[in-house]
Amino acid sequence: MQNLSQNADEILVLIHKRLSASFLCIAFVLIGIPLGILTKSGNVLITFGISVLMVVLIYYPLSVVCLILSKSILPIIPALWGPIGILLILGIILFRKSLKQ
C-alpha cells in the first residue's frame with residue numbers, strides 16, 4: 001500500500017515539474033525582456049553576466065526544491081509553483097517598469 005502511495009506521489013511530482021517548466025519559460029521571457037531593455041549600455045559582457053546570474057538564481061533553487069520533493073518533505077504545489085509565481089510577479093513588475101521608460 002505504501003509503495004502505491006509513493007508511486008502516486010512520484011507521478012504527481014513529475015506532472016507538476018513538467019507543467020511548471022512551461023510556466024518557467026514564460027517567467028524567463030517576462031524577466032529577460034525588461035532586463036534587456038533596462039540595460040541599454042550595449043556591453044555584451046554585462047548582458048551575458050546578467051543572464052547567467054538569472055539562470056543560476058532560478059535553476060539552482062528549483063533543483064534543490066526537486067531534491068526535497070523527492071524525499072517528500074514539502075508539499076508539492078507550494079514548493080514547485082511558489083517560486084515560479086514569485087518570478088512571474090517580478091517579471092510583470094519589471095515589464096511595467098520598462099514600459100514606463
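Because the model is predicted, local features need pLDDT of at least 70 and side-chain atom pairs count only at pLDDT 80 or more, while totals for chains, interfaces and linings use all residues. Residues are numbered from 1 along each chain as its sequence is written, and side-chain values use heavy atoms, with hydrogens and water left out.

The protein chain has 3 helices and 0 strands; here helices (H or I, at least four residues) and strands (E, at least two) are DSSP runs numbered from the N terminus. In order from the N terminus, the elements run α-α-α. The radius of gyration, 17 Å, is well over the 13 Å that the globule rule gives for 101 residues, so the chain is more spread out than a compact globule. That radius is taken over C-alpha atoms, and the rule is 2.2 Å times the number of residues to the power 0.38. Along its principal axes, the C-alpha trace spans about 60 × 25 × 15 Å.

Of the 101 residues, 23% are buried (under 20% relative accessible area, with a 1.4 Å probe and protein chains only). Contact means heavy atoms within 4.5 Å. Among contacts between residues at least 6 apart in sequence, 76% join residues at least 24 apart.

Helix α3 covers residues 76-100 and holds Ser98. Ser98 is buried, with a relative accessible area of 7%. Neighbours within four places in sequence aside, Ser98 is in contact with Pro34, Ile37 and Leu38.

Leu80 also lies in helix α3, and Leu80 is buried at a relative accessible area of 2%. With neighbours within four places again left aside, the contacts of Leu80 include Val13, His16, Val65 and Leu69. The C-alpha atoms of Leu80 and Leu62 are separated by 7.4 Å, with the two residues 18 apart along the chain.

The largest pocket holds about 180 Å³ of space. A pocket is an open set of points on a 1 Å grid over the protein atoms alone, where a 1.4 Å probe fits, with protein on both sides within 12 Å along at least five of seven lines; lining residues have an atom within 4 Å of a point. The volume is the space filled by probe spheres set on the points, which are joined across faces, edges and corners.

The pocket is lined by 11 residues, and Glu10, Val13, Leu69, Ser70 and Ser72 lie nearest its centre. Two or more lining residues come from each of α1 (2-38) and α2 (44-70), and α1 gives the largest share, 5 residues.

Technical notes:
Buried < 20%, exposed > 50% of the residue type's maximum accessible area, 1.4 Å probe, protein only.
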